[in-house]
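Work through the exercises below with the model open. Each task is followed by a solution in steps.

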Amino acid sequence: MILEAGAIAFGTWLLPKLEDKAFEFVYSSISEIDQKGKFYKIVKKTSDQLRVKYPDILGGDIAYFFKKDELFGEIVKLLFIDSKIDTTVIESFLDKSTLPENFVTEFIENLRVNLLKDKDFNKILTSKEIYLTCLGISSDIFSIVESSSLTYEEVVKIRELLTIKFTDRFNIKTFLESYLPNAFNNLSQVTFIGLGVDSGIQKGKRKNVNQIFVEPAFTVLDSCLKDLPSNLFEKLAKTKSFRIEYEDILSIYKNLVILGNPGSGKSFLIRSIICSTISEQINDFSKIERVPFRIELRKYLAFKKTRDGNIISYLVSLLENEYGVSNISEESIQGVLSQRKTLVFFDGLDEIFNALDKIEVKNDIENFLRNNLMSNAIITSRIEGYEEAAFDTDNFIQLNINRFSDAQIDRYVKQWYTIEEKNETIRNNEISDLLEKKDQLDEELIRNPLLLSLIVILYRNNLKLPESKLEIYKSCTSTLVDKWDTTKELSVDLDPEILRRKEAILSDLAYWQYLELSSSDKIKITYERAKSEVAKSLLEKVKTVDEYTVDDTARKFLNYAEKRSIYFDNNFTHKTFLEYYTAFWIYSNIERKHREDERDRILDQYSGNPFWHIVLELLLNLIDKDQPDDEIMDKIISNQLRKPAASLSFLLSVLSSIQNVSLHTRESLFVASIRFFISSVEKTNSRGKSWSFKRVADFNKFARYYNSQSLRGLIDSAFRTVLSSNLAESRLTLCYILYLETILHSEAHREATVLISENEHFNSSVFLKLKNKEEHLYKYVAFILNNSDSTVTTNYWKDYIDIFGLSTFKMLTPSVFTKSYYSSMFSHRLHTMLSGNQLPELGNSIQQLIAAGIEMEDIIALIFDSPFIIQFHAQEHGEAVLSLLNSTTNEEIEVVLVAYFLIIKTEGLSFRKVDDHGSGKELLDGIQSVKIKRMIKSAKTTKGAIAGLSKRYGLDSKKMDKPIGGRNQITLAHDEFDDFEIDESF
């Protein structure tokens with residue numbers, strides 16, 4: 001029988017495209033066609049006629065037409081009298097080897113003739129207006145002319161009339177009622193790798209995004225703090241961090257750039273935000289605050305190149321092809337953008353591989369936002385590669401996705417198991433066991449959402465944890481597939497020899513596809529092309545396959561891969577499969593065949609391309625695991641070090657996962673990194689530009705290696721090598737700054753005093769001379785010594801003021817190799833003493849400062865102006881300061897403590913000027929000192945209290961009201977301080 005359950009009704013497909021009664025002259029005809037089942041009666045008649053000529057065909061392949069919406073639509077378009085019959089798209093879904101030559105064309109021609117004999121179908125299929133409507137009024141004119149008998153002039157005229165008709169009938173409320181439920185349906189349903197691997201688990205069910213999604217947190221770039229909403233800004237100040245929670249994202253009414261490492265869940269995040277936005281107003285879409293649209297930038301670029309389109313025209317195409325909203329004109333979409341607030345998600349800037357294309361797309365986004373002022377954008381990208389087309393931080397707030405915390409890991413594991421394991425006892429036991437063992441894994445693996453998801457899947461199936469990224473990827477592409485093969489419900493219709501070689505065949509397919517995806521030409525990957533690659537692989541690798549049977553065998557192999565959720569809809573179902581099999585292809589076909597030149601060519605070509613980094617890391621892991629010594633890996637890395645500008649980021653990422661590398665080669669990488677960072681900063685400064693996000697990420701990778709006791713000595717040695725070379729003074733200074741920042745940005749800063757005091761380079765006459773000329777060097781050393789003897793630190797204060805003056809002493813110090821700041825020496829040391837109740841040291845330090853020429857007004861103004869101190873206003877800290885205040889008899893200390901206490905009591909709101917926050921009564925609470933009470937007794941505001949303080953001690957209140965140093969907004973210190981929550985992935 002030609003037809004099966006699931007066939008699509010003719011009217012059900014056509015009516016939405018005609019906007020209900022936009023074509024009233026055929027509306028009753030369409031209704032009658034479906035009521036009487038006329039379409040499929042004529043299909044059967046055509047089938048019976050052809051069966052006479054071809055008695056052995058017309059089986060399942062033809063039935064396939066009527067169960068897939070996209071195929072059904074392609075057939076209907078070919079049935080119009082003005083359409084030229086081109087069956088290319090349809091044939092890409094079929095196994096042509098089972099059909100006579102030109103059979104599909106013959107079937108369409110005969111079906112068209114039979115349909116035109118019916119008056120209702122004749123009315124529809126001879127209408128040029130309905131034909132163009134089915135093609136889409138936004139379709140490329142030249143494509144329409146090429147695929148039809150219509151002239152260019154006819155198409156232009158008809159399209160203009162249809163555009164006016166549909167625009168006149170357009171209604172935003174009706175549009176939202178159609179679009180938003182479809183968007184929610186499309187984006188909320190996800191198929192997740194590994195869900196349903198075991199035969200005892202529910203298989204084949206799509207999951208709702210919020211069933212498995214764990215909301216990430218974000219780190220905001222400090223230079224973007226001033227652009228945050230005031231309530232969110234105050235929240236950050238209170239929590240002493242740069243951390244922005246998921247629920248705060250939509251409160252930011254500015255454009256966002258969300259950056260994350262591979263596997264950080266950027267696309268999943270967008271799905272969740274859109275679904276949350278829609279679901280909040282699911283019953284009344286007319287009240288939705290911001291209409292969301294999602295644009296995958298890889299697809300937009302392909303549209304732009306093939307159709308010469310823009311973002312507006314792409315939205316029109318997207319609505320029709322992916323969300324079932326037909327015949328929306330560009331004018332109508334422009335109306336939505338001008339009348340409603342919209343939030344447009346531009347997903348995957350990093351998936352545009354050509355830098356010029358990336359810049360062009362960035363310009364398109366900026367122009368779109370400039371022309372549509374009611375639209376905001378959220379752009380996602382990997383950190384690697386973003387710098388090629390970074391958005392201006394004046395107009396975009398940059399957020400970085402944090403790695404998962406322990407609580408997020410626990411939540412993900414529990415949510416996953418809730419979906420997958422219905423037996424509560426088994427579920428609880430496995431969850432408990434997995435969470436107990438998770439500390440055995442490297443944090444890079446367990447805190448990455450993608451890798452965590454794969455770890456959980458593998459643990460569920462093997463009850464053991466993988467030990468490396470290579471094992472995770474390899475297990476997901478072999479262990480899981482083997483489990484699928486043993487599932488009784490899945491039949492295997494393939495020769496055992498093919499199954500034995502399946503990894504090699506899938507690797508051939510993956511490598512071909514990865515090269516295609518890397519191509520700037522954006523060649524379309526179709527079923528036929530994929531099948532052709534599989535057929536080629538079968539002929540080369542399996543002796544039981546010949547050229548007569550290979551096409552059918554390739555089709556069966558793709559069907560095998562589809563049923564096991566490996567390859568579906570012309571793509572690998574998960575990037576894990578694609579990346580691992582691509583790496584395995586290079587390893588099997590090049591490395592194991594000793595084609596070293598070809599291997600090095602691939603590494604040279606792609607090591608600078610972030611899209612290839614995981615593939616190349618897996619390749620090096622595969623090579624590394626077979627090595628008896630360091631020779632091969634040393635040679636590979638040494639070759640890459642010839643071009644550090646292209647390969648450095650990759651090498652710093654991959655070094656931790658490679659075992660067989662000599663200490664000498666590791667040190668050589670560190671030397672190359674140091675030289676590259678210095679050179680890059682020097683070039684950046686000469687061009688008046690800021691240190692790039694990509695280089696910040698590279699520096700952070702480098703600094704983390706300093707955490708390792710085994711590698712710290714190598715990095716120290718690398719710095720000694722560079723410092724001992726013949727460096728110009730400017731480069732020598734940068735090298736010392738890099739060395740000190742490496743210490744400060746690693747966990748080693750806790751023992752930095754020892755590291756500095758025992759390091760000959762920090763005690764050499766060259767360093768001391770440079771230090772006395774370079775503020776950064778002086779401040780960094782003082783900052784590191786803050787936890788050492790206070791007398792040493794205080795002497796640094798005095799010496800610094802003598803050399804550089806008072807003003808810069810009080811200011812935050814910008815990092816050279818990151819985008820963060822260090823607190824002023826005074827404010828950091830003051831906090832250390834106050835929080836540690838170091839009363840004698842505090843008094844001694846204040847007296848030293850006064851002796852150095854710093855006036856009391858300046859000391860107090862500095863307290864109020866210090867972003868660092870403002871962050872430490874916890875209640876228990878206030879109590880410690882209050883205790884000191886009530887016990888001291890030293891007037892200088894008393895003045896400082898009163899000022900600091902006012903800061904704490906007003907929760908850091910008195911920044912840059914003494915604002916009216918708090919009351920005199922509040923400030924009196926808990927103060928036992930009679931003289932202090934008397935001083936602020938009549939003060940109703942913080943400002944009044946300061947005035948009283950000034951009067952009591954004879955200080956200049958106007959001077960105190962004008963902070964001397966610091967910045968124009970609260971800038972929270974970043975990686976340097978233990979007290980802050982730090983995004984370690986950035």
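**Exercise 1.** State why Arg-601 and Glu-598 are separated by about one helical turn.

Solution. Arg-601 and Glu-598 are 3 residues apart in helix α31 (residues 596-606), so about one helical turn separates them. Helices (H or I, at least four residues) and strands (E, at least two) are DSSP runs, numbered from the N terminus. The two residues form a salt bridge whose closest N and O atoms are 2.9 Å apart. A salt bridge is a side-chain nitrogen of Lys or Arg within 4 Å of a carboxyl oxygen of Asp or Glu. Arg-601 is partly exposed at 37% relative accessibility, and Glu-598 is partly exposed at 25%. Here buried means under 20% relative accessible area, exposed over 50%, and partly exposed in between (1.4 Å probe, protein chains only).

Two notes on the source apply throughout. This is a predicted model, in which local features need pLDDT of at least 70 and side-chain atom pairs count only at pLDDT 80 or more, while totals for chains, interfaces and linings use all residues. Residues are numbered from 1 along each chain as its sequence is written, and side-chain values use heavy atoms, leaving out hydrogens and water.

**Exercise 2.** Find which parts the salt bridge between Asp-357 and Lys-305 ties together.

Solution. First, the closest N and O atoms of Asp-357 and Lys-305 are 3.1 Å apart. Next, Asp-357 lies in helix α19 and Lys-305 in helix α16 (residues 297-307), so the pair links parts 52 residues apart in sequence. Finally, Asp-357 is buried at 10% relative accessible area, whereas Lys-305 is partly exposed at 43%.

**Exercise 3.** Determine whether strand β7 (residues 342-347) is largely enclosed, and which residues cover each face.

Solution. Start with the count: 6 of the 6 residues of β7 are buried, so the strand is largely enclosed by the rest of the structure. Then take the faces: Thr-342, Val-344 and Phe-346 are buried on one side, and Leu-343, Phe-345 and Asp-347 on the other. In general, side chains of a regular strand alternate between the two faces of the sheet.

**Exercise 4.** Name the strands that β7 is joined to by bridges.

Solution. Two strands pair if DSSP finds at least two bridges between them. Strand β6 (residues 291-296) runs parallel to β7 and is joined to it by 6 bridges; Val-291 has Thr-342 as its bridge partner. Strand β8 (residues 375-382) is also parallel to β7, with 5 bridges, and Phe-346 is partnered there by Ile-379.
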